[in-house]
Amino acid sequence: MLLLRKIIIITACVILGIGVIGFLGLQIKPKSFPVYPEKQQDIGSIVLPEGLPEPVDRFYRTLYGDEIPVIETVVIQGRATMKPFLNIPIPARYVFVHNTGKDYRHYFEATLFGIPLLKIDEGYIDSESFFESPMANNYNEEKMNQGANLALWAEAIWFPSVWITDLNTHWEPVDENTALLYVPFEDNEETLIVRFNPETGLIDSIEAMRYRDIGEDSPKILWICRNDKSEQNQTDFISVGSAMWLDQGKPWAYFYTEELAFNVDISSFLNQRGR
């Protein structure tokens with residue numbers, strides 16, 4: 001009995017020690033990725049069109065003025081706090097690249113003591129989604145394609161000129177602080193609900209009905225992307241963003257933007273895997 005008690009105490013101490021070490025490791029943020037090496041280009045602009053819903057027009061005039069920049073590619077880099085397992089916050093760093101309105105790739109590194117332990121690639125290229133991780137791989141799943149296409153357009157909250165310059169999108173009014181953004185998906189359209197801040201004129205949130213799981217009976221769930229901190233300038237107006245599912249009640253991820261690069265060469269990074 002005494003030996004059993006010692007074993008239990010030792011086991012409890014080991015588990016507690018591992019828990020403490022793990023907790024401490026999760027408090028250390030990873031280093032930022034190096035600055036993207038390609039040089040940005042200015043490839044012109046278009047005049048803000050007439051006839052936009054009132055909150056949409058106010059948003060673009062607040063952000064850009066009368067001239068809307070043409071943005072064809074984007075690199076977004078930063079660090080994140082994510083809760084993919086058991087609601088435990090895990091530090092990470094990320095790179096998002098967009099061929100705007102067409103393709104994107106996400107690359108994540110989840111870390112412990114700042115050391116990358118879990119690497120994930122996901123994206124949407126040539127209208128087909130992919131997800132690659134040590135846990136699972138999925139390719140071109142119908143429901144995953146729907147969610148990936150919504151992410152393609154919702155992430156333009158970092159480069160919203162594409163919602164004007166891409167002729168496949170269009171806006172419809174709802175009220176003085178809300179509008180609907182229609183975006184293409186396969187042979188149809190998807191709808192994003194865009195809510196604007198009545199004081200700043202900038203975007204507060206983007207919402208859409210999106211598949212979270214790829215199971216046959218999996219339903220669409222309201223997906224909410226929030227602008228948690230806005231800066232009124234043209235290059236970094238959203239510095240903190242979050243993503244959540246309505247049924248979870250709290251964001252599962254916060255993204256802290258550290259670099260935005262527009263109109264750079266992303267061809268090699270878009271198609272590679274890992275880093």
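Predicted model: local features only at pLDDT ≥ 70, side-chain atom pairs only at ≥ 80, totals over all residues.
We may begin with strand β5, which spans residues 103–112. This strand is mostly covered, with 9 of its 10 residues buried. On one side, β5 pairs with strand β4 (residues 90–99) in the antiparallel sense, over 8 bridges. Within this pairing, Arg93 stands opposite Glu109 of β5. The two strands form a hairpin with 3 residues between them, and Gly101 in the turn has a positive phi of about 75°.

Strand β5 also pairs with β6, again in the antiparallel sense, here over 9 bridges. In this case His106 has Glu122 of β6 as its bridge partner. The hairpin of β5 and β6 has 2 residues between the strands, and Phe113 takes a positive phi near 55° there.

Together with Ile28, Ile115 and Leu117, Phe113 forms a nonpolar patch on the surface, and the four residues have about 380 Å² of accessible area together.

Turning to the interior, nonpolar side chains tend to be buried together in soluble globular proteins. The largest nonpolar core of the model has 57 residues, and those with the most contacts inside it are Tyr60, Phe159, Trp163, Trp171 and Trp223. Helix α3 (residues 142–154) gives the largest share of this core, 6 residues. A second, separate core has 13 residues, among them Tyr36, Tyr107, Phe130 and Ala261.

Leaving aside neighbours within four places in sequence, Trp171 is in contact with Leu52, Pro53, Val56, Tyr60, Trp163, Ile164, Ala179, Leu180, Leu181, Val194 and Phe196.

Finally, Thr178 is placed in strand β10 (residues 178–185). With a relative accessible area of 6%, Thr178 falls under the 20% limit and is therefore buried. Not counting residues up to four places away in sequence, Thr178 touches Pro55, Pro173, Ile193, Val194, Arg195 and Phe196.

Conventions:
Residues numbered from 1 in each chain as written. Heavy atoms only, no water. Patch = residues over 30% accessible without salt bridge, like charges linked within 9 Å, V, L, I, M, F, W, Y side chains within 5 Å. Areas by Shrake-Rupley, 256 points an atom, 1.4 Å probe, with all protein chains shown as cover. Salt bridge = Lys/Arg side-chain N within 4 Å of Asp/Glu carboxyl O. Helix = DSSP H or I, 4+ residues; strand = E, 2+ residues; numbered from the N terminus. Buried < 20%, exposed > 50% of the residue type's maximum accessible area, 1.4 Å probe, protein only. Contact = heavy atoms within 4.5 Å. Pairing = 2+ DSSP bridges. Core = buried A, V, L, I, M, F, W, Y, C linked by side-chain atoms within 4.5 Å.
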